[in-house]
Amino acid sequence: MNLAATGMAAAVAIAVLTALLAVVVRTRTSVVGVGTALTGVAAVVAGAAALAGGSFSVVLPGVLPLSGVSLTLDPLGGLFVAVTGGVAVAAGIYSMSYADTPDLRARGVRVALPLFVVAMVLVPAAANVGTLLVCWELMALTSLVLVVAEHRRGPQVASAGRWYAVMTHLGFVSVLIGLMLFVAHTGDDSFAAMREAGRHLSPAVAGVVFVATLVGFASKAGIVPLHAWLPRAHPEAPSHVSALMSAAMVNLGVYGLVRVGVDLLGGGAAWWWLLVLALGAVSAVYGILQAAMSSDLKRLLGQSTTENMGLVLIGVGAAGLFASSGDRALAALALTAALVHVVGHAAFKTVLFLAAGSVLHATGSRDLDALGGLRPVMPVTTAAFGVGALAASALPPGTAFVSEWLLLQALIHGLPAGGVAAAIAMPVAVAAVALTAGLAVATFVKAFGVGFLAKPRSEAVAGAHESPFTMLAAMGIAAVVCVVLALWPAGILPAVQAAAGGVAVSGDVTLRLNQATGALSPLLLTLGLVAAVAVVAAVMRAAVARRVRREARLWDCGGGPMSARMEYTATSFAEPLQRVFDDVVQPELDVDVSHHEESRYLVQAVEYRRKVPDRIERRLYQPVLSVITAWGRAGRGLAPGSVHRYLGYGFYAVCGVLLLLAVTR
Amino acid sequence: MSALGVIGGVVQPVLIVAGSPLLVGLMRQVRARLEGRAGAGVGQPWRDLRKLLRKERIAPRGTSEVFRFAPLVLVATTLVVAVVVPFVATESALDPVADLFAVVALLALGAVALALAGLDTGTAFGGMGASREMTILALVEPTLLVAIFALSVRVGSTNLGAIVSSTLHDPARVISPVSLLAAVALIVVIVAETGRIPVDNPSTHLELTMVHEAMVLEHAGPDLALVELASAMRLSVFLGLLANLFVPWGIATEATPLALLIGVLALVVKVGVLGGLLAAGEVFVAKLRLFRVPELLAGSFLLALLAVAASFFLA
């Protein structure tokens, strides 16, 4: 039994034990938190061991009827196991004090947390269809319990839960259909056999399998247009669960896509990957555009998840496209970029969601228009969110900066390599990545600047306090990981390359392809920046005559001290951008002007309402929902509540069946 | 790290810091003469900086260290860019940083620091300036990246030194449609990014139109001196980048005193001419309404995209 196997066994054992403890004895919340964190540690160990080459395989035929449980951990799965484990460590420690509320102390919620983590750890380790689907469903159900944990807060939580439940199960059905079709053509549901047979599938069948699984996996990853559940469920879930879902669970959609599309089906046609690329580009731009307009802190982070998964899909799609045109090295580079982004996104999204939870914990609000002025009262949370925001906005020194650089390198080299399809796809992809980078900067400046700096915009914020130690520690761990990933990406590159299938990216993010050498050193860049700051500060100390700062009043145009109501809010900050993208987001404005009765020229009150609805959701989901509602209303006529009639239905149905049998037999 | 790179890394920042206020002075002088005024002279920006440095440091009430560090970060990012970009010599002191994506991101980082400082003051002006600046940045950054992508594709690298060297070796590239489209796109975004007419007016203090000036309204004394110096440096850096991406001739390729002298002179002449042209152009153009600016930037984004498409079909 090697280290990877031991780690996996430990993770499963600790999680199950924790869940059992939570069922049987009335344990404290901190026990569940510690158990979850330990599960995460074991998963990180297992994943790291698998990445270092210590893969394992185990088959337990008796555990699950029909297919049996079969687990294998290869480098690709190991990467996702390690990422999930890392997020679980931070989320587990965080939940020790965060989850100490009446709603989150409920037994079901405490049981669900470790089971959710272990389900996510098992999905990338599954080695047959049966195991994959069972773990996938366990992950969906436990996360659903966690999403609706705080249902007493208001009807919107239950609504989010319903959206999530329906969409995740429709996605599950889609994956099920795709994989069942696949298995029907191979005759064996183990991945090893499918990998063999996948090469010989007819293009039509392979295409159907790919599209069906793509729909399911994309809905899990929150890809447009299947993203509708994400900005609902992520904000309403408790914050450590939001972190787990947003930083770990959505990744598994990417994992599924890579596993089935690249590994099992063995690449496939170019149009598959053009489709993935297009979905990624649309998601990236649309997600960040919605986030830029949003004034709800956690909703903004959820929409940014859609954006980041879109960027990952751009990388995966480009990798598939290059592979289908035969350029293996470039494909591996694009896939490496995508996986580096997965790792980086997991790190910074964990920090951001945990910090947002800390704000919610302290102020009871996640509305950016009501926040502000948190820096003096919550310095650690502010610093953590600042680190996360920098990492998320593709600025140096941040993790997204490194992965987007790698992605752009792959796209630049792909243009001459890939033929006419690439000639159209690559510039559009670069434009999408570039537009996303620009909008992400504006979004995170808004989230950090309006949410944490300046003066408090409401009473609740003015009385805020810093969160308890365990929450700060969890944020601190995640923030440190963010910084390390940003400064020393070379530390994870060999591991990610092992997962992506090997490419010459080495050292300080130096990449060598057949003709070109590209290099970027985030560490050198950061050192240069720090040195420059030091030089400028020293020169200023020497040059400035009067060093003591005098405190002065802010410029208020001579009108006396300014109130918090005069500050710019998140909504007003985003207004110019909203105007620019008016045609895309189509905001709804509602201005009511009421006049004095005496004169129509005197205005009594002006009421202004603005809403930025999700346009894709409105166009795509509303018609379906209204058809279903109409169908349900039509069906209601059949069920007036009369027992006689129901008995009659049964009677006629049985008669009908008997008649049918009599006629046909 | 070659000798040429080290010398370039020392000469370039000194030249940019010393010369950029003179560039601003030159542009103001050109403008004044064209408008029929005498003008304050080329050295006036340096005199203004000296005056500001002698004043008292001010800490506006309620601001945090974000506000205090922003001018330092702004100058530092520009300084790093001045060190790494091939202005005077083709080789860079810190080659792994002389990447187009890194340079664009560094310049954006400086703008972000200033925008956060604007928000940190909690005044309506600060927020307004930050919001407008970020809107413009969100549209400028994509155009910069796509235009740069068009230039990188045929070189196969985003390293600035590699792009400049390849243009030196193959001068015919400069008049290709790719270069011309990318050049027009870059000129538009550089005008927007450095806050010149028709996007922003550096000499206005009118609420309706201010962008950059609204953001830095609370900075005073030495802090303001840093901000002013940094915006002058950013202007020089952008113009120098534009000049060397499309007309790199004169840049030093070897570490001899004569080559370096020619490199310095070539940069001064190129940036001076570009600055003069920009200032002369400003006299004849009115400032755009703020909400017409995105149309201009969208146009330049489209040009950059066309440049990328052209770079494939003409390759």
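**Notebook: chains A and B of a predicted model**

I began with the overall dimensions of chain A in this predicted model. A compact globule of 665 residues would have a radius of gyration near 26 Å, and chain A has 27 Å, so the value agrees with that expectation. I then looked up the box filled by the C-alpha atoms of chain A, which is roughly 100 × 75 × 60 Å along the principal axes.

I turned to the make-up of chain A. I noted 24 helices and eight strands in its secondary structure. Buried residues account for 56% of the 665 residues. I also recorded the contacts in chain A between residues at least 6 apart in sequence: 81% of them join residues at least 24 apart.

Next, I consulted the domain assignment of chain A, which gives domain 1 (272-536) and domain 2 (588-665). The C-alpha centres of these two domains of chain A lie 40 Å apart.

I then examined where the two chains meet. I found 70 residues of chain B in contact with 69 residues of chain A. On the chain B side, the elements that give two or more residues are α2 (44-54), β1 (57-60), α3 (65-84), α4 (100-121), α5 (124-155) and α11 (293-313). Which of them gives the most? I found that α5(B) does, with 18 residues. I sorted the residues on this side of chain B by kind and recorded 46 nonpolar, 14 polar and 10 charged.

Strand β6 (residues 549-552) of chain A and β1(B) pair in the parallel sense over four bridges. Within this pairing, I noted that A:E551 has B:A59 as its bridge partner.

I also looked at helix α6 (residues 160-169) of chain B, whose buried residues are B:L160, B:G161, B:A162, B:I163, B:V164 and B:T167. What covers them? I listed α4, α5 and α9 (221-246) of chain B among the covering elements.

Finally, I checked the UniProt record for chain B, an unreviewed entry. Its annotation "transmembrane region" covers several stretches of chain B, including residues 174-192 and 235-252. I compared these annotated stretches with the model.

Notes
Residues numbered from 1 in each chain as written. Chains lettered and ligands numbered in written order. Predicted model: local features only at pLDDT ≥ 70, side-chain atom pairs only at ≥ 80, totals over all residues. Rg over C-alpha atoms; globule rule 2.2 N^0.38 Å. Buried ≥ 20, exposed ≤ 12 C-beta atoms within 10 Å, placed from the backbone. Contact = placed C-beta atoms within 7 Å. Nonpolar A, V, L, I, M, F, W, Y, C, P; charged D, E, K, R; others polar. Pairing = 2+ DSSP bridges. Domains from an automatic or database assignment. UniProt positions renumbered as here; feature names shortened; annotations may be inferred.
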